[in-house]
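Take a moment with the sequence and the fold. We will go from the whole chain down to single residues.

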Amino acid sequence: MSKRKFINKNAKREIDKYPMVEVHWVDITSDPSWQSIGQVIKAKLAPCVTKGHLLATSGKVTKVFGDYALKNEETGEIDEVGNTTIIPNSVITKINKLDNIYRKEENMAKKKKKNKKKDKKKKKNKKKKR
């Protein structure tokens with residue numbers, strides 16, 4: 001796994017320091033049944049995906065959290081995190097940053113809101129002209 005710098009230390013809101021990521025990794029598999037040696041040789045590791053906010057990546061592990069509670073809603077300061085997952089880097093196959101997808105959706109929603117306001121203004125102006 002190549003080491004990537006995802007964490008934004010200059011973010012205005014605390015949650016924006018921790019980008020949304022999709023971590024692909026492989027897990028141990030086991031089977032208690034009797035199998036031929038050939039079947040065991042063909043067996044594969046279980047591919048897994050974890051999505052959440054990237055908290056930290058060190059030389060040995062990657063830490064992700066799914067939920068957070070705010071200490072102060074106005075400032076966006078985080079009090080606690082939950083649904084945490086710690087994954088050994090040795091089993092990670094790739095990490096995709098998802099923030100861009102969510103930012104695009106947020107921006108689209110903002111544009112729709114702006115357009116609605118513009119449409120309302122246009123309607124009011126038309127009524128005033130009559």
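Here is a short walk through the structure.

This is a predicted model: local features need pLDDT of at least 70, side-chain atom pairs count only at pLDDT 80 or more, and totals for chains, interfaces and linings use all residues. Residues are numbered from 1 along each chain as its sequence is written, and side-chain values use heavy atoms, with hydrogens and water left out.

Start with the layout. The protein has two helices and five strands. Their order from the N terminus is β-α-β-β-β-β-α. Both kinds of element are DSSP runs, numbered from the N terminus: helices are H or I with at least four residues, strands are E with at least two.

Now look inside. Of the 130 residues, 22% are buried. Buried means under 20% relative accessible area, exposed over 50%, and partly exposed in between (1.4 Å probe, protein chains only).

Thr50 sits in strand β2, residues 46-57. Why does Thr50 count as buried? Because its relative accessible area is 11%. Leaving out residues up to four places away in sequence, Thr50 touches Val21, Glu22, Val23, Trp25, Val64, Thr85 and Ile87. Contact here means heavy atoms within 4.5 Å.

Compare Tyr68. Tyr68 belongs to strand β3, residues 61-72. With 37% relative accessibility, Tyr68 is partly exposed.
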